[in-house]
Amino acid sequence: MKAWLFAGQGSQRAGMGEALFDRFPEYEAVADRVLGESVRALCLEDPDGRLHRTRWTQPALYVVNALACAQATAEGRAPDVLAGHSLGEYNALLAAGCFGFETGLRIVRRRGELMGEADGGAMLAVVGLAPEAVRALLDRSGATDVDLANLNTATQVVVSGPAGSMKAVRAAVRATPGARCVPLAASGAFHSRHMRPAQERFAAFLATIAFRPPRIPVLANVTGRPYPADGVADLLARQIASPVRWHETLRELVRRGVDEVREFGPRPMLLPMWKSVLAEPDAEPERKREPDAVARGAREPDAVARARREPRSRPGSASVPLRVVRETPAAPEPEVVGDPAAARLGSAEFREDHDVRYAYLAGSMFRGVSSVELVARLGRAGLRGYFGAGGLDLGTVEQALTTLARTPGLDGRYGVNLLHDLTRPGAEDALTALLLRHDVRHVEAAAFTAVTPALVRFRFTGAHRAADGTPVAVRTLIAKCSRPEVAAHFMAPPAEGLLRRLLAEGSLTPAEAEAARGLPVAQDVCVEGDSAGHTDGGVSLALVPTTAALAEEMTARHGYARRLRVGACGGLGTPEAVAAAFVLGADFVVTGSVNQCSPQAGTSDAVKDLLAALDVQDTAYAPAGDLFELGSRVQVVRKGTLFAARANKLYQLYRRHTGLDDLDEATLAWLEHDCLRAPLAEAWSRTCAHYRDTGRVHEIERAEREPRHRMALLFRSYFARTNRAAQEGDPAERANYQVHCGPAAGAFNRCVAGTALEPWRERHVERIAELLMTGAARILAERLAAYTRP
């Protein structure tokens with residue numbers, strides 16, 4: 001009988017998983033998206049020593065263990081029983097089919113964050129004493145606030161408690177003959193009573209997860225017995241503040257007749273414990289099962305036998321590979337059908353240039369909400385979406401680009417968002433270099449108020465003169481703007497000074513610069529009406545015709561061989577709205593909010609549930625976190641969250657005060673309790689760590705000199721946390737969810753009420769596009785028929 005054991009925290013090491021990442025790129029892509037950075041770099045390079053910080057250790061170990069398990073599964077192996085030590089229990093439950101890889105990673109990430117916040121604790125391994133002797137030693141030394149945390153073997157116990165109490169424990173152990181102790185690299189008193197606040201928050205988070213019963217027995221740390229069919233969430237929550245009964249777990253494996261054990265983990269930690277249990281004189285397999293085994297959730301032998309006979313019932317078998325990360329049945333691939341009438345809407349030249357069936361694009365959404373899956377699905381349906389690169393690190397974006405390039409059926413029908421960020425000089429240059437290195441051909445530029453060198457470099461790399469002398473650009477740039485004066489900059493050729501600068505840097509060749517002089521920076525300008533994200537609250541009824549007229553004027557002024565095109569976005573949640581955009585003169589349309597409530601969107605189910613319940617009046621304006629000091633605004637969900645009210649109050653405080661010292665006690669208490677969720681000193685420490693981790697120490701230095709800037713950075717941390725909490729679906733932060741969304745979401749909900757698309761899980765992105773475009777074509781045809789009727 002075979003058992004698979006998964007090691008937990010403490011087994012990590014730099015370089016772990018090196019031989020596995022290339023074999024399972026789909027795992028890596030999911031992990032990068034969930035963690036917001038490169039998991040490969042974290043595991044192999046260990047930047048800044050983060051691999052030994054709990055919040056990073058736990059997800060990194062979970063990923064590497066999952067990769068190793070996937071490799072074993074691909075080799076056709078399967079265990080009869082599973083167990084994992086502390087964190088390793090999550091890999092055991094993954095292998096048992098209780099959740100998918102991505103869901104498990106999101107759970108582990110939240111666990112690591114909560115446990116990482118538990119500062120001030122310490123853990124100490126005591127070797128050579130039985131648990132009862134260790135407990136007596138704690139009592140004698142007066143360390144009544146220290147608990148037994150890991151009961152690893154008959155003579156190896158880990159104790160956990162406040163760091164100050166550990167000095168007395170160490171002294172008592174050293175004074176005991178035959179005993180020794182080893183301090184563990186832990187920042188908190190894990191698996192002790194001191195973790196109960198984290199346990200409560202974690203339990204609330206787990207309550208939002210749908211767990212499946214284990215398909216193979218998994219022995220629980222809390223009980224040393226198998227998980228029951230319906231108790232996964234409860235036992236995982238209890239595990240944080242309960243001792244790991246590993247010795248009982250190993251003895252249970254022996255009792256069950258396990259004679260072959262395989263350990264998964266970067267360092268061998270569990271096999272020596274297994275061998276010590278086998279050497280115990282009373283360790284014998286039980287010949288007959290206890291009659292109450294089923295009542296305790298244990299699997300009957302015939303279930304195990306059935307799992308062997310039926311590969312689909314085993315986790316990670318060849319017929320159901322573990323690397324499949326969807327937790328619901330995979331949606332069918334998009335069927336490319338098309339509607340001739342819808343295909344005639346807008347500009348035929350636009351459809352040809354962008355190689356799309358419809359004059360329709362799905363715009364990007366921040367931090368990968370416009371996910372790889374969303375973009376790939378649209379591309380396979382003959383449409384285009386833009387990956388939401390804004391707010392993501394370069395490693396994550398690069399992994400997304402690699403995945404998209406390898407995805408069959410796309411044929412280049414994908415783009416990437418390039419978001420202007422005043423707070424991170426050089427960021428758009430670095431992203432542009434990455435896009436060019438991966439030969440990305442399509443970019444959506446957002447939040448730009450002027451043409452920058454990065455945009456010109458991207459647009460005109462590869463530009464040339466055709467045989468007849470016509471200038472040709474091989475890359476497309478969709479410029480989103482809401483002001484005609486900004487649109488005019490994009491409709492003109494690049495400024496000569498910019499071209500000379502790029503030539504001098506070697507960023508453009510003379511041939512590319514010469515071709516650029518005869519082309520607009522953006523052939524396609526998209527007018528942003530009352531949309532989500534950064535917005536001036538513009539009105540499409542006024543902006544689209546005005547910008548279309550400007551496009552005609554600029555085409556003539558510069559003598560372009562092809563006319564400039566104007567698109568519309570913002571408020572496009574119904575076929576009627578899309579039809580109106582084309583009537584106003586739009587050459588193409590770009591959707592946003594409606595795609596956030598789709599199975600492919602890279603945000604939490606909790607957010608999608610929230611979005612699916614919106615009406616048209618359920619949004620509000622709030623400050624934009626990245627442009628907080630400037631007062632720029634975004635449109636966000638108002639219903640079911642207090643984010644808009646709290647964010648607006650933070651901006652008013654910033655406007656009226658010169659620093660945190662100006663705030664009264666009541667305001668400071670509100671700030672700590674409702675927004676920062678921590679004392680000011682702790683929140684500021686985390687803020688500084690973030691800016692150090694992202695290479696912006698100058699911001700901290702400026703904040704030390706300028707109290708008002710310190711206040712701004714601290715307030716901006718609220719925006720970062722609330723955005724992340726929404727994407728992760730953290731139930732403890734539901735009141736603070738920051739969800740960028742315009743009224744189009746509510747309009748779409750009304751449109752599909754009572755139809756097959758009312759449940760958001762049926763709203764696949766290509767089905768949204770079909771509904772909007774074919775519906776718009778039908779409406780326009782009906783209106784035309786009505787107007788021409790005698």
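**Close-up views of a predicted model**

**View 1. Phenylalanine 643 and phenylalanine 719 are both buried.** Buried stands for a relative accessible area under 20%, exposed for over 50%, and partly exposed for values in between (1.4 Å probe, protein chains only). The model is predicted, and local features need pLDDT of at least 70, side-chain atom pairs count only at pLDDT 80 or more, and totals for chains, interfaces and linings use all residues. Residues are numbered from 1 along each chain as its sequence is written, and side-chain values use heavy atoms, with hydrogens and water left out.

**View 2. The rings of phenylalanine 643 and phenylalanine 719 form an edge-to-face pair.** Their centres lie 5.7 Å apart and their planes stand at 90 degrees. Rings of Phe, Tyr and Trp (its six-membered ring) pair if their centres lie within 6.5 Å; planes under 30 degrees apart count as stacked, over 60 as edge-to-face and the rest as tilted. Phenylalanine 643 belongs to helix H25 (residues 643-656) and phenylalanine 719 to helix H29 (residues 707-728), so the pair links distant parts of the chain, 76 residues apart. Helices (H or I, at least four residues) and strands (E, at least two) are DSSP runs, numbered from the N terminus.

**View 3. Tyrosine 718 and phenylalanine 719 also make an edge-to-face pair.** Here the ring centres are 5.9 Å apart, with the planes at 80 degrees. Tyrosine 718 has a relative accessible area of 0%, and phenylalanine 719 has one of 4%. The structure holds 15 aromatic pairs.

**View 4. Charged ends sit over the rings of tyrosine 621 and tryptophan 670.** The charged end of arginine 633 is 4.4 Å from the centre of the tyrosine 621 ring. For lysine 649 over tryptophan 670, the distance is 4.0 Å. A charge sits over a ring if NZ of Lys or CZ of Arg is within 6 Å of the ring centre and within 35 degrees of the ring normal.

**View 5. Strand S10 (residues 384-387) is covered on both faces.** Arg384 and Tyr386 on one side, and Gly385 and Phe387 on the other, are all buried. S10 pairs in the parallel sense with strand S9 (residues 360-362) over two bridges; strands pair if DSSP finds at least two bridges between them. Glycine 385 in S10 is the bridge partner of alanine 362. From S9 the chain passes through helix H14 (residues 372-380) to S10 in a right-handed β-α-β crossover (with the strands pointing away from the viewer, the path from the first strand over the helix to the second runs clockwise).
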